[in-house]
Amino acid sequence: MKLLLVNDDGIHAPGLAALRQSVQGHGEIKVIAPHQERSGMSQAITVNAPLRLTEVESGYMLDGTPADCVKMALQGLKLAPDFILSGINLGSNLGWDVLYSGTVAAALEGVLQGVPSIAFSLCGSAGYFSVAAKIVNELLFRRPGFLVRPELLPKEGVLNINIPGMPRDKIKGVRVTRLGVRNYEGVMQRREDPRGNHYYWMGGEPVPPDSKELDVDLVAVEQGYVSITPLKFDTTFHEIIPDLKGQLDQE
Ligand code: MN
């Protein structure tokens, strides 16, 4: 089995080391990652600048986006992995945040290129990466897992897995979920630089979810469950196509 590991937190990120640790001994492992953190890039690609690839001790480092890394691995380096694993991201990728996530987008890029892919995120502090690595290992290899039954992996989407940041014995189990609603408060913070000029820093705190439904990703993680959400890249709003057609036909 050939595995390709990628992330959006950069080649030196502890989450990437944790992901490697979680798959160590399970086949041939290759790693490619951005040279610095490229979170929030979604599936951006670099088309108007050169891409520099460097071989480093832990794998390949590219001065591009997460999606660039996957393209480089498959089309530049001609690696032919059986699976792509993205992460483990430092921070959750829940609800609407998946639209911004480079971690999720790297996995989606893999599937677009025909390789089944899974995204992993840690919803908590870096101190829990060792717990997250254990969970990833269990999900992939110890349960009747996804990698041993690749037919379970979607061909037109990815599995987006979020792991709560808490001790292993506090994690209650695994839930298959759908995306919740993610809103933030105080997103644009206005500050002053040392020269007295104003700048803005984007951040904000997530608004706690209204829902208590455990089949919503945000709720499942908040309640101490590992959340697995299948995501597809066909974002066509199929339900309103008949109405739209009807409107056009009236004219
Ligand atoms: Mn990230």
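**Entry 1: pocket.** I began with the lining of the largest pocket and noted that S5 gives the largest share, three residues. Strands here are DSSP E runs of at least two residues and helices are H or I runs of at least four, both numbered from the N terminus. The model is predicted: local features need pLDDT of at least 70 and side-chain atom pairs 80 or more, while totals for chains, interfaces and linings use all residues. Residues are numbered from 1 along each chain as its sequence is written, and side-chain values use heavy atoms, with hydrogens and water left out.

I looked up which elements supply at least two lining residues each, and found helix H1 (14-23), S5 and strand S12 (205-206). The lining has 29 residues, and Gly40, Ser92, Asp97, Tyr100 and Tyr184 lie nearest the pocket centre. A pocket is an open set of points on a 1 Å grid over the protein atoms alone where a 1.4 Å probe fits, with protein on both sides within 12 Å along at least five of seven lines; lining residues have an atom within 4 Å of a point. I noted about 730 Å³ for the space in this pocket, a volume being the space filled by probe spheres set on points joined across faces, edges and corners.

**Entry 2: manganese.** I listed the protein donors of the manganese ion as Asp8 (OD), Asp9 (OD), Ser39 (OG) and Asn89 (OD1), at 2.1 to 2.3 Å. Donors are N, O and S atoms within 2.8 Å of the metal (3.2 Å for Na, K and Ca), and sites may look incomplete because water is not among the atoms. I wrote their sequence spacing as D-D-x29-S-x49-N.

**Entry 3: helix H3.** I checked residues 102-112 and found 10 of the 11 buried. The buried residues pack against elements including strand S1 (2-6), helix H2 (66-76) and strand S13 (225-232). At the start of H3, a side-chain oxygen of serine 101 comes to within 3.1 Å of the backbone nitrogen of threonine 103. Just after H3, I recorded a positive phi of about 90° at glycine 114.

**Entry 4: valine 136.** I placed valine 136 in helix H4 (residues 129-142). Its relative accessible area is 0%, so I marked valine 136 as buried. Beyond four places in sequence, its contacts (heavy atoms within 4.5 Å) are Leu19, Ser22, Ile88, Phe120 and Ile163.

Methods: Buried < 20%, exposed > 50% of the residue type's maximum accessible area, 1.4 Å probe, protein only. Polar contact = N/O pair within 3.5 Å; in protein donor to acceptor, adjacent residues only side chain to side chain.
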